[in-house]
Amino acid sequence: MDYLHLRNFNQNSTTRGWSISHRQVEYEESQLLSSADYLENRKSDFYQGEDGCIPLHTWQTATFPSCNTMHEIDARPSDDNFIFINCGSNRCTFLIQGDDNSKAVLKTQKYRKSFSDYNFEMARVDGPSMERLTKSKYITSIYGLCGASQITEFSEGGNIHDRIKEARLTKTDPISPSEKLKIGYQIATAVADMHSFESDLVTSLVHLDICCHQFMLIDGVYKLGDFHLSAFTRKDKDTGDICLEHPLTMHPKLRSPEEFYEHDNGGRIPLSNADMFMMGNVMYYVLTNRWLFEGFSNSVAKQKIMNG
């Protein structure tokens with residue numbers, strides 16, 4: 001099977017309207033006895049509008065599973081197939097190959113992680129986010145989705161973090177100024193495409209985890225991926241105005257002063273602004289080969305950010 005020529009999702013498959021907003025969940029929920037239980041626990045205000053805000057678009061509450069494609073994967077480890085790549089905080093990745101030797105990546109939830117409503121929802125949000133951005137050549141393509149697993153493009157060149165780490169370890173800078181400018185353009189265009197793909201150019205999707213690990217080198221382009229922590233823009237159900245949201249504060253060295261201030265005071269912000277601030281962080285890494293607030297604790301970094 002040629003994984004690199006699979007379409008992102010089966011658009012004719014039945015879609016269901018469910019969602020729980022991971023912004024409202026700050027704990028690990030109990031293990032689900034069956035994945036079908038996920039449908040029974042849709043209690044979030046994102047879906048029901050209990051806080052006065054509702055989804056901006058119907059696609060935000062949908063999913064497009066392609067489980068048959070996932071089940072066709074040859075999961076027998078060998079020298080050239082189903083090879084372990086790496087693990088993040090929630091998922092592990094494996095290299096898989098089709099019958100024509102085309103390469104792709106299988107992302108699946110860590111074995112020790114519980115299959116909870118929260119984890120299912122993070123995986124669901126990841127799917128339609130990447131599906132909507134298929135037309136952008138600066139966003140990683142998705143080829144399949146089922147439950148908490150997905151198939152995505154394979155990167156032959158690693159991520160921006162890898163490249164900066166290599167430069168620091170060798171005490172050289174193999175990236176020329178013109179190439180850094182090119183990488184900066186790719187970073188900015190990926191974020192711009194994500195924030196403006198709707199016909200009315202109103203932002204309907206925010207990433208919220210933009211860092212140098214999320215930009216993978218694919219066919220000579222650093223593409224933005226991993227929408228596991230993304231969120232969808234909502235609107236006021238009475239006025240139609242875009243709703244402000246409670247900010248996140250994970251990865252404190254990457255966050256903006258406004259996020260910390262509003263979080264500490266129970267306020268809300270336009271989440272797209274958070275993406276813009278984090279995008280600037282990544283550009284700083286590329287230009288300087290330095291990490292922000294290196295050597296400082298998260299609490300000290302937070303104070304420095306808030307103090308300007």
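1. Contact here means heavy atoms within 4.5 Å, and the structure discussed in this note is a predicted model. On that basis, and leaving aside neighbours within four places in sequence, phenylalanine 227 is in contact with Val125, Asp126, Ser129, Met130, Leu133, Ile139, Met194, Leu205 and His207.

2. Phenylalanine 227 also belongs to the largest nonpolar core, which has 42 residues, and it is named together with Ile160, Ile187, Met194 and Phe215 as the members that touch the most other members. The elements that give two or more residues to this core include the helices H3, H4 (160-170), H5 (177-195) and H7 (271-288).

3. Turning to charged side chains, the model holds 13 salt bridges. One of them joins arginine 124 to glutamate 121, with a distance of 2.9 Å from N to O. The two residues are three apart in helix H3 (residues 117-132), which means that about one helical turn separates them. Both arginine 124 and glutamate 121 are buried, a term that stands for under 20% relative accessible area.

4. A further salt bridge is formed by the side chains of arginine 255 and glutamate 259, at 3.2 Å from N to O. Arginine 255 and glutamate 259 are likewise buried.

5. Aspartate 264 and lysine 302 make a salt bridge in which the closest N and O atoms are 3.1 Å apart. Because aspartate 264 lies in helix H6 (residues 257-264) and lysine 302 in helix H8 (residues 298-306), this pair ties together parts that are 38 residues apart in sequence. Aspartate 264 has a relative accessible area of 43% and is therefore partly exposed, and lysine 302, at 22% relative accessibility, also counts as partly exposed. The value for lysine 302 should be read with the cut-off in mind, because buried applies under 20% and exposed over 50%, with partly exposed in between.

6. Finally, salt bridges with shared partners join Asp51, Arg234 and Glu245 into one network.

Terms used:
Residues are numbered from 1 along each chain as its sequence is written. This is a predicted model: local features need pLDDT of at least 70, side-chain atom pairs count only at pLDDT 80 or more; totals for chains, interfaces and linings use all residues. Side-chain values use heavy atoms; hydrogens and water are left out. A salt bridge is a side-chain nitrogen of Lys or Arg within 4 Å of a carboxyl oxygen of Asp or Glu. Helices (H or I, at least four residues) and strands (E, at least two) are DSSP runs, numbered from the N terminus. Buried means under 20% relative accessible area, exposed over 50%, partly exposed in between (1.4 Å probe, protein chains only). A nonpolar core is a set of buried Ala, Val, Leu, Ile, Met, Phe, Trp, Tyr and Cys residues joined through side-chain atoms within 4.5 Å.
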